[in-house]
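Me: I've got a model open and I'd like to learn how to read a helix in it. Can you walk me through it?

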Amino acid sequence: MDRNEATKRFHGGDDALAELIDESQPAELPTPDTDVPMVSRSVRLPLETYERVRAAAEARGIGVTTLMRQWIEAGLAELDDSATVSLADVRRALAALSRPTAA
């Protein structure tokens with residue numbers, strides 16, 4: 001049944017369309033990666049900034065939105081004096097402390 005025929009049947013009160021819908025297979029929806037409700041927001045970025053974020057995310061093996069979310073959460077934590085840092089950043093900082101400095 002094409003779109004025009006389906007529209008005619010719908011407006012004509014034909015039950016065949018409802019039967020067709022009832023017989024269709026349920027849609028396969030992606031499983032959310034979190035139990036926490038998420039809000040989608042659009043952010044306008046200059047192309048160069050977006051490309052830098054994309055490259056940073058790719059280097060970490062994560063998605064762009066995941067990296068942006070991590071940066072936002074870290075920035076908010078810093079405002080609350082409860083800063084969150086990645087384990088990799090802590091290891092780099094500790095490694096830098098163990099290196100002798102040039103005089």
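Predicted model: local features only at pLDDT ≥ 70, side-chain atom pairs only at ≥ 80, totals over all residues.

Me: What span does helix 3 reach from its first C-alpha to its last?

Reply: Helix 3 takes in residues 47-60, 14 residues in total, and reaches 20 Å, close to the 20 Å expected at 1.5 Å a residue.

Me: Which residues of helix 3 are buried?

Reply: The general idea comes first: an α-helix has 3.6 residues a turn, so residues three or four places apart point the same way. Now the case here: Val53, Ala56 and Ala57 are the buried ones in helix 3. They sit on the same side of helix 3 because they cover an arc of only 100 degrees around the axis.

Me: What do those buried residues of helix 3 pack against?

Reply: Their partner is helix 4, residues 64-79.

Me: And which exposed residues are on the face of helix 3 turned away from its buried side?

Reply: That face carries Leu47, Glu48, Glu58 and Ala59, which are exposed.

Me: What about the spot just after helix 3?

Reply: Look at Gly61 there: its phi is positive, about 75 degrees.

Definitions and conventions: Residues numbered from 1 in each chain as written. Heavy atoms only, no water. Helix = DSSP H or I, 4+ residues; strand = E, 2+ residues; numbered from the N terminus. Expected span 1.5 Å × (residues − 1). Buried < 20%, exposed > 50% of the residue type's maximum accessible area, 1.4 Å probe, protein only. Arc of directions from axis to C-beta. Contact = heavy atoms within 4.5 Å.
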